[in-house]
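Trainee: Before we look at the model, could you show me how to read its side-chain contacts?

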Amino acid sequence: MANTLPDRGFAGREYPATAPYSVGREKLREFASAVGAAHPAHHDLVAARGLGYPDLVAPPTFAVVVAQRAEAQYVQDPAAGIDFSRVVHADERFTHHRPIVAGDELVTVLHVDSVTERAGIAMVTTRCEIFAAADGAADDRAREPVATVSSSLVIRGEDS
């Protein structure tokens, strides 16, 4: 029988930064509507600017949209050995360093912090560090921290 649990050797792995994700006003409005975030700063540019934001501001959980793009690098990596049909999302935590706003160009670095196995299941903890490139930045060291998204996934083995 083939092993249906992820490769524990991926613990400690860091994936390369994703291509930039352009945060658009309509995406923010759609996400805010989908999650029931009715605050005017998510929908109305005048209201957002009146509160001191340069553009529409994202609801706090919008960071998951950006993080999931980075997590896909790991989940879709054939060498990682993840059968997504056996994945249950256990936990998600957000740490915001500054609000996400329309017009941001965000890149994300994915870290696989741990892969543990017990009783036919694996628990995988990932951390996505989301950054905005500083204006006129010549290299990646000038990234501005925006958010950290930590996720825990439970992956059932074939016999679970």
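Mentor: Begin with burial: a residue is buried under 20% relative accessible area, exposed over 50%, and partly exposed in between (1.4 Å probe, protein chains only). By that rule Tyr 74 is buried, with a relative accessible area of 1%, and Phe 10 is buried too, at 3%. This is a predicted model, in which local features need pLDDT of at least 70 and side-chain atom pairs count only at pLDDT 80 or more, while totals for chains, interfaces and linings use all residues. Residues are numbered from 1 along each chain as its sequence is written, and side-chain values use heavy atoms, with hydrogens and water left out.

Trainee: How are the rings of Phe 10 and Tyr 74 placed, and why is the pair called tilted?

Mentor: A pair of aromatic rings is described by the distance of the centres and the angle of the planes. Rings of Phe, Tyr and Trp (its six-membered ring) pair if their centres lie within 6.5 Å, and planes under 30 degrees apart count as stacked, over 60 as edge-to-face and the rest as tilted. Here the centres are 6.0 Å apart and the planes stand at 45°, so the pair of Phe 10 and Tyr 74 is tilted. Ring pairs also link Phe 10, Tyr 15 and Tyr 74 into a cluster.

Trainee: Which residue forms a salt bridge with Arg 13?

Mentor: Side chains of opposite charge can pair when their charged atoms come close. A salt bridge is a side-chain nitrogen of Lys or Arg within 4 Å of a carboxyl oxygen of Asp or Glu. Arg 13 meets Asp 77 in this way, at 4.0 Å from N to O; Arg 13 is partly exposed at 35%, whereas Asp 77 counts as buried at 17%.
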